[in-house]
Amino acid sequence: MASSSQRLRRLALPAVGLTAALALTACAGGQAAPVSSDGFQGVQLTVWNNIDFEPYQSLQKGYFESCAADLGITVDVQTQSGDYTTKLLQAAGAKALPDVAILSTDTQLPQLASQGVLADLSQYDVTTDGLADSAADLGRYDGTLYGLPVQVEDYAIFYNKAAFAAAGVPETAPKTFDDLVSLAGSLTTGSQKGIVLPGIGGDGSTPVYFLPFLLSAGGDPADPTGAGAVEAVDLYKNLVGNGSLSTEFVNWGWESIDQWTSGAAAMTVSGPWNLVDTSIPFEWGTFPFPTAKSGESPKVNLLGYAYGVAANADAQKEAAAAALVKCRASEENQIDTAVQGGYIPALKSAQDAFVEKVPAAAPFVDAVDGAYNSAQLGTEWNTLQQEYVDAIQSATVGGQTAQAALEQASGK
Amino acid sequence: MTAHTISTGRSGAPAPGRFRRSLAARRRGELWGFLTPALVFFVVFFLFPLGYGVYMSTTNFTTGTFITGRAPFVGTTNFAAVLAEPITFRALANTLTITLVSVAVELVLGLLLALLFARTFPGSRWLPTLILLPWLLPAVVVATVWKSLLAGDGPINDVLGALGLPVQAWLANPATALPSVIVVAVWASLPYWATILGAALKQVPAEQLEAAQLDGAGAWRRLTAIVLPTIWPVVSVLVVMSVVYTLLIVDLVLVLTAGGPANSTVTLGLLSYRQAFQQFQFGLGGAYGMLLLGISVVFAIVYTVMSMRREREE
């Protein structure tokens, strides 16, 4: 499961910046007039999903078929593998988008919305009521609701309980970066590092896990030489400096979690897919991110998955698709997907239910409100990602100060 | 002409003059028939991508271009942009270092291996085939295997530690990452060198070597006076081809270090890949590609001149 989520991320993240480029290509799509939600009998719809691991795939098929039966719709749920973004763009170009499609909120939703090929969901009985503002905003483009977020992803610190017990360290979340450095130092032994983080360039893992530290230091991701960025890079430097983060982290990407699951590191940063990963061979817990200074609140970056409806000249079809999305996004389905698929539900009520069932999800859920939507960085994020990787590497194994490394990497 | 044809009594047979002309035309037609597939292949798979690369390097070619088809012409702006980046010169230095060092080492070690396999010893028949295996492996597989071998807790450090030699995370240290990449590049290409040079050594006349030996020439003298001059045409072509091949190195570096740590292993090919497929600036990626093309063309010219000279000598 973890690998599937990671694979999706690998495909999605490098393409974040396509959005602004494609914004130039905006054109008017066919907008249908709203129709009554009654009378969907005989309507045939196609749904695309691209999350192709089980049980996620079967769950989605089940939800849509059940909703379609209730609405009197015939639905064909298809799972697309491979480069989903390209498939969506090609389908949009050929005016052959599916009626309903799952869309990543950082790349695919803005790309399609900017081309005018998605329907405005607010004209139907689809609302973001019950979602945190940060989650609801993920489905909007230029203030219009083009996708209804059903699940989100953010990040937290995972720790191995046995490692804490062996080191005689209480399982208390580190409040500040200094606390984290000192905690990781206490957990470091001859055969185990205190923490593992990705540090390689290219696969998107390093900047995604670095952003929560930068944001929790009060930094702005668009300002690579700001105080928050410097404090976050300095944290990495201090972790390597006290021997609790291996210098080899600069060679590790998404696979860095293997160091944690194999017991070679006591802590790591990961996503919600780990919450339901039954293959982890030890007891573990989760912490929220620490902040640079005590008394501040941690902040994370948020990625969402939303269902969008293709703008269709056939008003009845468009309305039926919107009704199908609304039904699919029910609280019950969101809880079910979270517990079985390892995603954070978009609905706050479903988040609470998820935490009841999986208490370790609390740091993920707590961080959703006020989280940062990295889609707002547009194409700039592509360049920034490499700059942050270069700075982290130069500061940790290249011997530079955090400030100098960031200035050099960003050319400022 | 019709009357002439009738007068021969060979109904339906063409006139001799016409027959000669049509044979020549037919021969030309056949020649073009055989040539056309090669020309089409050359145009479609060589000239078009090359021309498209040149075109991309002079335009602001982004992902939007795929949808709109619009790529504004920007002249030499992309080249000015990449040449203004300090990392370009670091990549150029790294690319040349990897190329020159690895080709030099491959030449020496490849020749030594070829000379070894020219002797008869237990296993001398199947060993050359066996050492071809690394060359048959895709670069991604080679890099993945070597990444784990060179890891801090990898087998190479285990051996070095057992011998009391210093160990370290070879790919994580900016000082050792580039030499490590060169070692892997050499390992991957060495079988190719050994095989080609081994075949070239078979051209060395055994009588000359015997005669020289009888005249008292030592092994070194025989190598420098007879063996090397005989195989030199092969060596020179091999060097030029390997230089061009190594200049384009991307996959090996991408998997081993992704250009890190701290850009210590970044190459021009990698920068082209980064710009095109991570930052979606296809114009800048094309500009890096053209820089590489320019360097490769210089070596290709050397190769062509050498080939022509060799043909003249033969």
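## Fold and sheet

Of the 412 residues of chain A, 61% count as buried, a residue being buried if 20 or more other C-beta atoms, placed from the backbone, lie within 10 Å of its own, exposed if 12 or fewer do, and partly exposed in between. This is a predicted model in which local features need pLDDT of at least 70 and side-chain atom pairs count only at pLDDT 80 or more, while totals for chains, interfaces and linings use all residues. Residues are numbered from 1 along each chain as its sequence is written, with chains lettered from A and ligands numbered from 1 in the order in which they are written.

Chain A contains 17 helices and 13 strands, which are DSSP runs (H or I, at least four residues, for helices; E, at least two, for strands) numbered from the N terminus. Along its principal axes, the C-alpha trace of chain A spans about 65 × 45 × 35 Å.

An open sheet of mixed pairing is formed in chain A by 4 strands in the order S8-S9-S7-S10, where two strands pair if DSSP finds at least two bridges between them. Its edge strands, each pairing on one side only, are listed here.

| Edge strand | Residues |
|---|---|
| S8 of chain A | 193-196 |
| S10 of chain A | 284-287 |

Strand S7 (residues 156-160) of chain A pairs with strand S9 (residues 265-270) of chain A in the antiparallel sense over 4 bridges, and Phe158(A) stands opposite Thr268(A) in S9(A).
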